[in-house]
Every structure is written in structure tokens, then in C-alpha cells.
Amino acid sequence: ERQKSIRNFSIIAHIDHGKSTLADRILQKTKTVSDREMKAQLLDSMDLERERGITIKLNAVEVLYTALDGKDYIFHLIDTPGHVDFTYEVSRSLAACEGAVLVVDAAQGIEAQTLANVYLAIDNDLEIIPVINKIDLPSADPKKVKNEIEDIIGLPAQDAVLASAKEGIGIIDILERIVTDIPAPKGDANAPLQALVFDSLYDAYKGVIPSIRIFNGTVKKGDVIEFMNSKAKYEVIDVGVHTPKTIIKEVLGPGDVGFLTAAIKDINTVGVGDTITLANNRAKHALPGYRKMNSVVFCGLYPIDSDKYNDLKDALEKLKLNDASLIYEPETSQALGFGFRTGFLGLLHMEIVQERISREFGIELIATAPSVIYHVHLTDGSVITIDNPSKLPEPQVVEFIEEPYVKATIMTPKEYVGTVMDICQKKRGIFGDMTYVDANRVTITYDLPLSEIVFDFFDKLKSTTKGYASFDYEISGYKQSRLQKMDILLNGEVIDALSTIVHRDFAYNRGRSVCERMVKLIPRQMFEIPVQASLGNKVIARTTIKAMRKDVLAKCYGGDITRKKKLLNKQKEGKKKMKAIGRVDVPQEAFMAILSNS
Ligand code: GTP
């Protein structure tokens, strides 16, 4: 029967090992999309994903496959992102699957996120099918990668599929292995409905559309469903699947992965990880939800145009629906006005959200420099948590401050061991251990302050190892550090949105370099602007933005009109992403000046 022919799986891999290309190839080989409709990275539906060539959101599609045994199978392929910031999305996908196709690059071998994703798959009891991809590359060494899979992960790999997603080699082998190795979903169609909400999106006409995986029972048009956690009830209008086209179905049953619509207007009633059941035949228990992910990086988001505050609120609400890990609350800044303190899973996540707000909602933003969460122990014995440096109490009432540390795992070719250790040392890292993966590669672990990783750790690591080192981290706990608030003054006034918390040993260097960068980033104005960095009341660095000497237009006095227009336009463009703070126009880049630091 139908349920026996279903196979639910994810493709997991380190970033760039070829996950999306393999997904494309599977859609093509199974004729899910015709060659005419095929475009690269079909499942990466956001423009942003295509441009950057990365997967951000998970996507689920139904694929029909006629196997070599002559039987028809229904595959649900759930694509997952590879970047460490999006591990949350990966674990959500995996909870909806029985198996995982593990893609490893034949030239690069196992990398930090290969391991992280494999552990997630093992945690979810998934059947893992190893695939060695990119065997077309001259530098491919499948035998070596097989050994790595066995030695490092402990999975039998002698029968790993050798594939080239690019050239279409090994795809049928992979499809066959999915049929034979991955178990069909269990579940009872006659039991009360239990459907896991693993994602959701907002449609202006249809309301909130939850993506669901059915574990028990069935759901169809007309059923009255209940969200077990939020208790909200709705009548189902349609159920269906994506192929990736939207196909409406009569009914969804155990093992099915699809969506339902129910004119859900209240965004807050649909929680990702919630269980949907039937109102008149409730399941006894909800399915295990998701581990709540804690934001680790915070920044302030402010609309450049203050009138857009409500639009920004609306945008955040809608994004949250699609990205359950996003958190935010209103905050005000003397310098920037009304905005939101927003929490993210990492820096890339932060960048992506900002870009989505500007693209999908047309709101221009100023984002303040990212901050981690500090535990501040006060002299009266109480402890407060701070995610906004400008909120740090006066030094007199602070006993000590603790900051979050991560356990970082770095894999690198052995010739870069010295370089990697040098970077970690400079970032206040505490050496953990070092083990040889094989004759040429090493795994190094370090305890590092999260705030240093937020700075430029990843870029530094990549550039000094020519991209060969890979990196993964998890929060390990809090440690006391000698930290202090550094303020930036423009024109003699402290700009709250530019305050940061710095380690005392780095304060002078950081202060100096921020002041120097400000001079480059803030355009000259009609008057001179002093820029200062201060610790407490002590100025530790100072520069000056010189006054503009001539009116820009004076240059083309008598000149031709088009040139004049061009200049004016150029000025206008430059102004677009600026916020007037007092008498000074400050561009977005200036708020990030603290980040590009050595
Ligand atoms: P994320 O979605 O960002 O996690 O990356 P991904 O793992 O999905 O990688 P993607 O499919 O985008 O492929 C990364 C790069 O490797 C692209 O430039 C692909 O063209 C290339 N690539 C994928 N498969 C193969 C292959 O079999 N051989 C070769 N030579 N290149 C491949």
C-alpha cells in the first residue's frame, strides 16, 4: 500500500559539497521537473539563496520514482542548509525523516559540518547513506574519503555511492539505495492525527501555511484541526504537497510531507514544532517538539525612515513565521530612535535577516554592531544579563562581568596548524587538544570567547588557510573576563548605538582603529567633527573629520548640466543608507566599524 512506498529523507553535507546540485539532479532524473523547467538550485527559491549560492531555508518536495524493481515509490526530499548558523533548520528537517543522504566532497573529505550534521542525523535515529560526490574532479580521492568516513564517523563506507552530481554520475545508485536502505515510515492511519509543524510561511491570500509531516492519522479538507500547544482551532481548506509545484491532494496520511491551508490569520497560533491534531478526535500526546534554539548574537535594527517603524514590526513578525529562531523586542536609542533589539543564531543569520527585510519588505535599515549576551554581576549581589552594550551599568556598581565561550572544533591540513593556533591565541583562545584525523589533517579544539568569533574569526581563519580550514562551534558556558564598555563620541556626544564591550587588553587598539575608520566612513560635512573613543570618562583615542572645503557643486560652476545632475544624484545615493544623528550624517558602515578590526 501507499505508506510502504514512501521514503522520507534529507541530504546533509558540509557547505559547498554539492547538496543542492544533487537535489537538482534527483528532480531531473525522476522527471519531477522537465528539462525545460530546470534551472540550477531549483529548491533554493529565495533570490538571496541563488545569488549567494547557499541554501538558507529548508524546502520539501515530493518526488515519484519508478525503481529498478518496477515498483513506484514516493520520495519526500527535504533540502537542508549547510552553514553552522542554520543547524536549527537542519535539525527540524531531520525530525521529519527516516533517512539521510550524506554527501562528502571527494576532494575535500570530511569537514567540520559534515560531522556536526552526521551527529544530528544519528541523534534522530536516521539511516545514513554515504555518497562521495565530485568524483569527476582531478583531485578526487574517493578511497581516502571512504577511509575517513569509516575512521572518523564510524560508518561502513566500502559501498558508499561514488557520484558526480554535476555530471549526473551515480544518481540512479543513490535513488536505489534510498529505496532499499531507508525504512518506510511507521504510523497508523486510523489513530488520531499527529502532524508535526516543521516550517511555515505567510501568504497574503491564504494566511499562514504550515509545512507538516504526518506521523499518525489523516487530514483532509473540512477537518477541524487543533494546534496542541497554542490550542487554536481552524477548519482545513486544502491539503497538498510541493513537487515543487503546489499540488492539492484529497488527503494526507502517515509518512506524508506536505502543507495545509486553513485561513490562519493569526501568526502567533502557528508555532514551528507544534503538533496538529483533530479537534473532535485529539491525540493523547503531542509529538516531541524542537529543542529551543537560543540566540547568541544581538543587534539593534532601526528603520532609516522613522515612519517605517510599524512596517519593520510587521516585517519581523512575518519573518519569524518563516524563521522560528528569530527573536526581537522593541528598543529605543537616543541616537537612532525607535527600533528593535533582534537576536540571531550567528552572524550569517543576522546578515541574511537584514537583507531579507530590505529586499522582501523594502525597508532600509541601520543595524548596530552585533553583541553577545553578558552576565553582569553587580555589587549588591544580583546578576543581570545584557545584550546591548549601552545598557551596561556604571563601573562602580559592577563587581565582575562574564562572557559566553564556545568550544570550537577546527579541522585543517597540518601545514596550517601553526597559523590556526596563532589566530586562536590572539583571539584569547584557550587550547583544548589536537588530534590527527589522518596523516595530513588535524582537528584542533579551543575554548574561545564568542564575542571574538563574532568579530572576524571566520574570515581570518579562511583567508590564512587558503580556505582549507573548516570550523564548527557550540556554546560551552560563561567565563569571567576583564571587560569594559567603550563609548564613541561624535562631536563631543556619546552615541549610544556605537558603544561596544571590549576586553581591556584590546581597548586601546580597538579604540584607535575605530576612530581611524570613522574618519574614512563618515563623509565630510560643513564643519569639523571630532571623533573620540572613551573608556569610562577617559578618552583613549581621537581623530577629526575635517570640514568640507568647497561645495561639491562649486566644482562644476558653469559646467554642463548633466554633469551637475550626476553629481547631485551621486550625493543622494550616498545619503540613502545614512542616519542623521544630531548634526552628523552617519552611514551604515560606521556602525560596523568596530567589527573590521585586527
Ligand atoms: P549549500 O546549499 O550552500 O549548503 O551548498 P551545497 O552543498 O548545496 O553545494 P552546491 O550544490 O551549491 O555546490 C557547490 C559547488 O560545487 C557548485 O559550484 C557546484 O557546481 C559544484 N559541484 C556540485 N557537485 C559537483 C560535482 O559532482 N562535481 C564538480 N566538479 N562540482 C560540483
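Residues are numbered from 1 along each chain as its sequence is written. As the model is predicted, local features need pLDDT of at least 70 and side-chain atom pairs count only at pLDDT 80 or more, while totals for chains, interfaces and linings use all residues; side-chain values use heavy atoms, with hydrogens and water left out.

An open sheet is formed by 8 strands in the order β11-β10-β16-β7-β8-β15-β12-β13, with antiparallel pairing. Strands are DSSP runs of E with at least two residues, helices are runs of H or I with at least four residues, and both are numbered from the N terminus. Two strands are taken to pair if DSSP finds at least two bridges between them. In general, strands of a sheet pair through backbone hydrogen bonds, either parallel or antiparallel. The edge strands are β11 (233-235) and β13 (246-249), each of which pairs on one side only. From one strand to the next, the twist averages 40°, where axes are lines fitted to C-alpha atoms and angles run from 0 to 180 degrees between N-to-C directions. Within this sheet, β10 (residues 224-227) pairs with β16 (residues 275-278) over 3 bridges in the antiparallel sense. The bridge partner of E226 in β16 is T277.

The disulfide count is 0, a disulfide being a pair of cysteine sulfur atoms within 2.5 Å. C97 is buried at a relative accessible area of 7%, and C299 is buried at 0%. Buried here means under 20% relative accessible area, exposed over 50%, and partly exposed in between, with a 1.4 Å probe and protein chains only.

An unreviewed UniProt entry lists D16, H17, G18, K19, S20, T21, N133, K134, I135 and D136 under "binding site"; such annotations may be inferred rather than shown by experiment. H17 is placed in the loop between β1 (6-13) and α1 (19-29). H17 counts as buried because its relative accessibility is 1%. Apart from neighbours within four places in sequence, the contacts of H17 (heavy atoms within 4.5 Å) are V103, V104, D105, Q108, G109, E111, T114, N133 and K134. A polar atom of the H17 side chain lies 3.2 Å from the backbone nitrogen of D105.

T21 is placed in helix α1. T21 is partly exposed, since its relative accessible area is 30%. With neighbours within four places in sequence left aside, T21 is in contact with A165 and K166.

Methods. Polar contact = N/O pair within 3.5 Å; in protein donor to acceptor, adjacent residues only side chain to side chain.
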